[in-house]
Amino acid sequence: MFNIQSSPHFKPSLNVSQIMQGVLFALIPGVVVMLWLYGWGVLINIVICVILALLFEAASLKLRNRPIVPYLKDYSAILTAVLLALALPPLAPLWLLTIGIFFAIVIAKQLYGGLGYNPFNPAMVAYAILIISFPTEMTTYWQSPSLLHEQLGSQSLGLLASLQFQLFGILPADIAFDSLTSATPLDLVKTLLGNGTSTISEIQAQGVTFGSFAGKGVEWINLAFLVGGLWMIYKRYINWHIPTAFLATLFLMSLFFGYGIDSDSHVSPFFHLFSGATMLGAFFIATDPITASTTVKGRLIFGAGIGFFIYVIRVWGGYPDAVAFAVLIMNMVVPLLDYYTQPRVYGHTKQSDSQAEQLKDEQV
Amino acid sequence: MSESFTRQVSQNIRKVFSFHGGIKLPGRKSLSLQHGIKTARVPNKLFLPLSQHLGQAATPAVKVGDKVLKGQLIADLDGPISARIHAPSSGTIVDINQLPIPHPSALKADCIVIETDGKDEWIEHQGASSPEKLTKHEIRHYIEQAGIVGLGGAVFPSAVKLDVSPDKIIHTIVINAAECEPYITCDDMLMRERAEEVILGARLIQKALNAKRCLVGIEDNKPEAYEKLLKATANYSDDGVQVVQVPAIYPAGGEKQLIKVLTDVEVPTQGLPTDVGIICHNVGTAAAVYKAVYHGEPLISRIITLTGQAIKKPGNYEALFGTPLGNLLEEVEYEPEQVERLLIGGPMMGFSLNDLRAPLIKSCNCILASSQNELDTPPPAMPCIRCARCAESCPMSLLPQQMYWYSKSRDMEKIQDYNIFDCIECGCCSYVCPSNIPLVQYFRYAKSEIWGDENDKQKADLARERHEFQELRKERAKAEKARAAAKRKAALAKKKAAEEKKKAAADAAENAPTDEKTQIKGEKQGKEKKAQVPENAANKSKDEEDPIKAAMQRVKEKKAKTKADSSTQPKNMDNLTPAQQKQIDEADARRAANTPEADKEKQEQDINV
């Protein structure tokens, strides 16, 4: 007779694809700052990665006999592609991007069953595989930031030149590859402090590593991602638990195990917070709901664990930055966290007995 | 400032607590608040389902052809958890039959049909002469007589709810005036127009339980009703009656949530509010209690909200139970061609109505006739992204997302580990899910599956017990047979010996009459035993052929026998001396006095003293 349907009959319009789009919007400030610092390579990375991701996603869906269009419309593949693109060096060649996206979309996501079923963060799986397999490209293909061009006498590529280099590996005749790149601040700090040749004050004197409050150049990128992240919390696309626990732990670790002990051989906690991929990791990568813990306590532990491992690997481990490894390690712990941090269900303790006693005795 | 003013202020700021989760919903209540409560027309025929409450369906107390008056009892209690049903108007009983009722299953149920005579003539009725002085037992009696059930939606018989075991002290009555579902305003209107009745009814419930406190919880989106309630309670502040505004967060009107908000006490899982000294009643129930006690009127009507954009004259109507819902919709001029969905209840927990002939019953608080695009239809479900918005919104602090995985994979043990039976099916999780997964449906499915499994298990257990019992019987029968055979052998040997002895005796004295007698008797016995043997053999072969049939037959026989035994008087009771008879009578009287019911009454009297 009439439309027969099960309750509830109210449904707000927020859906998965809107959440993913919201996260993409929140990335814009960070992307703009990166473009300013690193040049066209950033945008080329994003465009290539998105196109590849959509192709791989569509092909996988087709092979798996799943509807293609509705799943492409959820924006999850695009988000993964953009996050990976931002994590890769701005001068990354096409083959590196292709391998990365293949692992992210096909291996880490679709082979596990697609959206919602992957235990590991796809972008971080791809990043880890690339940095282990191709350490040279991953660490040396970093365009030197425009802020340092004068100091270092370095250059950057125009749009066409950049495209030509990334697609075909051809540089304009008048530009040497070495003049394009420079080590990242985290990398510099690690090598210089690691081999014990310099103190913080000596590094500072060189004037290329430290900016106003953290790594030169990258501090502004991190600040922009922080702004985007706070906006996402305000819009409730993500919740505050993971980023807060993440950043607080990283801050405290570097305070108590480094800067607080010896400020001349350890960088400040702010340097850790605003260098490398810290803010991108805290607000955009660790908060991926699919691979993070689902309970409040679990999320706090999950975030804190990532902060902890980032510091451990950055300072005592073999890599200058460690967001990917830290996130993957904590991804493994998620089922355990979810199981052992279940919230107390209403009416499931004796605690209410004492409350009831109190109420009974309370004067009217 | 005067003392009463200070008291008023301190009352108004009674601390409210919060429950986990919950959601803000659009109210859409103004639609049905444009005018006061109107009385719906008496239809030509009233259809009264025998089961309008939780528990055992009532048994008809009338037959087809009977004339009934308004308020006359037409169906009586059946079992300890049941509720009476009364004729909502005067007329003739024309049918008692399976007819459509408002239920999500769309199945039919037994109904009494009254053809109204248009006179609407009341049966003689009378309220308590001094309601303030009634004992708790008397109040409960009035409530039971009036067939009052919880009008908030659960329709649990109110008299049973008030029948708290004497070892439990009830200190707080919670009157649920929250009405948290969108669209519904029947409680709001009731409080605006009859706040006095609500409070008097609440006072009666409070008295019936000797509770020192009565908290009326009302959502802060009903300022007018709140004002009216405050006025109505002004005289009762010394009796612990307090009206408390609670934030309008769905589902604040859930019993467990409202109790938490008002008292910070949680109802234990699998338990009842009485376990923590609290009882919760709806405002509509309180008003019905008032009518029953003060005027002696049974529960024959209720206020129902008729709303939605497909209705031209939405509002609240006081309608008789049994009125076909189609009649009500016609009265408010609904536009059938506009209707997209027709719901009983609100948009969060209501269900689709499938038959307009279904009557108004005690649980119906709202009919929502929505037009195109007024309500939402969720798009096809996408995979769960584990965002945990469901867990954040769950008012029971459950993990719907985990429960969803396990109900999907039909892991019924694991889903119970995640406490699915604490789920109140409020629909918050489905509402917030960005993947549009119909979570509540999964949980309803899992619950019914578990109930089904439990049922199957019980049946299997019963079958196993029966089988084991049958084996036991077989064993026993075998042992008995063996014993009988041994006995027979012994008897035979004895007889032989006796015969030999007799022969010897006969040799000695041939014409002794006593010996002949013994011989005949002996022969007779022998014949009987012989006759028994083939019968047993026949039984045995039959047993082997069809043991189950035989076992069933035996059980039947035994049952019949025990039944017959129990119905006959003990044999040794004939020819008693007067002294013995007196002793027995006394014992019987003691026994009668010790039945649980009498026990309770006695205890109550003690308490009242």
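Q: I would like to start with two strands: in which sense do β3(B) and strand β5 (residues 73-76) of chain B pair, and over how many bridges?
A: Strands of a sheet pair through backbone hydrogen bonds, either parallel or antiparallel. Here β3(B) and β5(B) pair in the antiparallel sense over two bridges; two strands count as paired if DSSP finds at least two bridges between them. Within this pair, Pro60(B) stands opposite Ala75(B) of β5(B). This is a predicted model, in which local features need pLDDT of at least 70 and side-chain atom pairs count only at pLDDT 80 or more, while totals for chains, interfaces and linings use all residues. Residues are numbered from 1 along each chain as its sequence is written, and chains are lettered from A and ligands numbered from 1 in the order in which they are written.

Q: Which sheet do these strands belong to, and which are its edge strands?
A: First, the names: helices (H or I, at least four residues) and strands (E, at least two) are DSSP runs, numbered from the N terminus. The open sheet of chain B has three strands in the order β3-β5-β6, with antiparallel pairing. Its edge strands are β3 (59-60) and β6 (85-86) of chain B, each pairing on one side only.

Q: What is the strand order in the six-strand sheet of chain B?
A: This open sheet runs β1-β14-β13-β17-β15-β16 in chain B, and its pairing is mixed. At the edges stand β1 (38-39) and β16 (351-352) of chain B, each with a single partner strand, so one side of each has no neighbour in the sheet.

Q: How does β17(B) pair with β15(B) and with β13(B)?
A: Strand β15 (residues 339-344) and strand β17 (residues 366-371) of chain B are antiparallel, with five bridges. Among the bridge partners, Leu342(B) has Ala369(B) and Val339(B) has Ser371(B). By contrast, β13(B) and β17(B) run parallel and are joined by three bridges, where Leu306(B) has Ile367(B) as its bridge partner.

Q: Is β17(B) largely enclosed or open, and why?
A: Burial is a neighbour count: with C-beta atoms placed from the backbone, a residue is buried if 20 or more others lie within 10 Å of its own, exposed if 12 or fewer, and partly exposed in between. Five of the six residues of β17(B) are buried, so this strand is largely enclosed by the rest of the structure. Helix α4 (residues 186-208) of chain B lies across β17(B), β13 (301-307) and β14 (315-320), running at about 120° to β13(B). Such angles run from 0 to 180 degrees between N-to-C directions, and axes are lines fitted to C-alpha atoms, for helices over the stretch in contact.

Q: Are Ile170(B) and Leu107(B) buried or exposed?
A: Ile170(B) is buried, with 22 other C-beta atoms within 10 Å. Its place is the loop between α3 (158-162) and β9 (172-177) of chain B. Apart from neighbours within four places in sequence, Ile170(B) is in contact with residues including Leu209(B), Thr274(B) and Ile278(B); contact requires C-beta atoms, placed from the backbone, within 7 Å. Leu107(B) is exposed, with 9 C-beta neighbours inside 10 Å, and is found in the loop between β7 (91-100) and β8 (108-116) of chain B.

Q: Where do the axes of α13(A) and α16(A) come together, and at what angle do they cross?
A: Helix α13 (residues 241-259) and helix α16 (residues 296-316) of chain A have axes that come within 7 Å and cross at roughly 40°. The contact includes Phe246(A) and Leu250(A) of α13(A), and Gly303(A) and Ile310(A) of α16(A).

Q: Which residues have the most contacts inside the largest nonpolar core?
A: In soluble globular proteins, nonpolar side chains tend to be buried together. A nonpolar core is a set of buried Ala, Val, Leu, Ile, Met, Phe, Trp, Tyr and Cys residues joined through C-beta atoms within 7 Å. The largest one has 262 residues, and Cys49(A), Leu84(A) and Ile101(A) have the most contacts inside it. The largest share of this core, twelve residues, comes from α4(B).

Q: How many residues of chain A are in contact with chain B?
A: In chain A, 36 residues are in contact with 57 residues of chain B. On the side of chain A that touches chain B, α18(A) gives the most, with five residues.

Notes: Two residues are in contact if their C-beta atoms, placed from the backbone, lie within 7 Å.
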